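Keep the viewer open as you read.

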Amino acid sequence: MYKDVYPAWSDANLMQIASHTKARVFLAHVRASTSTATSRNNCHPFSRGRWSFMHNGQLGGHLKLRQKLDGMIPVECYDQRYGATDSEAIFLVAAGLGLDQAPIVAMEQAVGRVQALAQEANHTPHMRFAACWSDGLKVYAARYASDRFAPSLFYQIRDDGIVISSEPLDENVEGWIEVSPNTAIATDGRTLEQRDFRP
């Protein structure tokens, strides 16, 4: 795990580490904060045990709902609550709902429960969610929103694996497939499965 508040393209430490690191699965995230301070603890990806998680989107009224949101994190997961983001909270709620046994179902349930907080308080948008999470063997991702503005999510099947990204990473946009809203995907790097994602 490597995190910093500075841009990746000017981080000499990251360049040094990346030059001699190989991995079959990895997550990388560039954060644009919507409501919390810019700090290492608030930088994605978040991790717990073998799981890593990163998220683009927002919970409506997050700052007003932070105390209730923290209360949704199970006691056994709360020692991993280092930052103050809604993203980290969603991840830890999902961990408590059985991420190990059912990665997509647990995330679906977590997003639904967190969205209900915003709905009950009438904060909009209730939920916007494009996320990617992995146990180091498989990668899962989902695109969802309570309104019609789901954050973007794409994937590309290559000869050497599958890339999932919030937007195409090169100019050949025809090689990228957009994930439909209310959809989750799972891949082992060779095959890719899709299913509904409806919190």
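What follows moves from overall dimensions to the core and then to the ring pairs.

The model is predicted. The protein chain has 5 helices and 9 strands. From the N terminus, the elements run α-β-β-α-α-α-α-β-β-β-β-β-β-β. The C-alpha atoms fill a box of roughly 45 × 35 × 30 Å along the principal axes. For 199 residues, a compact globule would have a radius of gyration near 16 Å, and the protein chain agrees, with 16 Å.

Next, the packing. Of the 199 residues, 44% count as buried. Take the contacts with a separation of 6 or more: 54% of them join residues 24 or more positions apart. The accessible surface is about 11000 Å², and carbon and sulfur atoms hold 48% of it.

Now the interior. In soluble globular proteins, nonpolar side chains tend to be buried together. Here the largest nonpolar core has 34 residues. Phe53, Met107, Phe129, Trp133 and Phe197 have the most contacts inside it. At least two residues of this core come from each of strand 2 (51–59), helix 2 (62–71), helix 4 (86–96), helix 5 (103–121), strand 3, strand 4 (139–145) and strand 8 (183–187). Helix 5 gives the most, with 8 residues. Another core, of 10 residues, lies apart from this one; Tyr155, Ile164, Val179 and Ile185 are among its members.

Zoom in on the rings. Which residues form one aromatic cluster? They are Trp51, Phe53, Phe91, Phe129, Trp133, Tyr140, Tyr144 and Phe197. The count of aromatic pairs comes to 7, with ring centres required to lie within 6.5 Å. Phe129 sits in strand 3 (residues 127–134), while Phe197 is in the segment after strand 9 (192–196), so the pair ties together parts 68 residues apart in sequence. Phe129 is buried, at 0% relative accessible area. Phe197 also counts as buried, at 0% relative accessibility.

A second pair joins Trp133 and Tyr140. The ring centres of Trp133 and Tyr140 are 6.2 Å apart, with planes at 20 degrees, so this pair is stacked too. Both residues are buried.

Finally, look around Phe129. Setting aside neighbours within four places in sequence, Phe129 is in contact with Phe53, His55, Asn56, Ile90, Met107, Val111, Ala142, Arg143, Tyr144, Pro151 and Phe197.

Key:
Residues are numbered from 1 along each chain as its sequence is written. This is a predicted model: local features need pLDDT of at least 70, side-chain atom pairs count only at pLDDT 80 or more; totals for chains, interfaces and linings use all residues. Side-chain values use heavy atoms; hydrogens and water are left out. Rings of Phe, Tyr and Trp (its six-membered ring) pair if their centres lie within 6.5 Å; planes under 30 degrees apart count as stacked, over 60 as edge-to-face and the rest as tilted. Helices (H or I, at least four residues) and strands (E, at least two) are DSSP runs, numbered from the N terminus. Buried means under 20% relative accessible area, exposed over 50%, partly exposed in between (1.4 Å probe, protein chains only). A nonpolar core is a set of buried Ala, Val, Leu, Ile, Met, Phe, Trp, Tyr and Cys residues joined through side-chain atoms within 4.5 Å. Contact means heavy atoms within 4.5 Å. The radius of gyration is taken over C-alpha atoms; the globule rule is 2.2 Å times the number of residues to the power 0.38. Accessible areas come from the Shrake-Rupley method with a 1.4 Å probe; for residues, only the protein chains shown count as cover.
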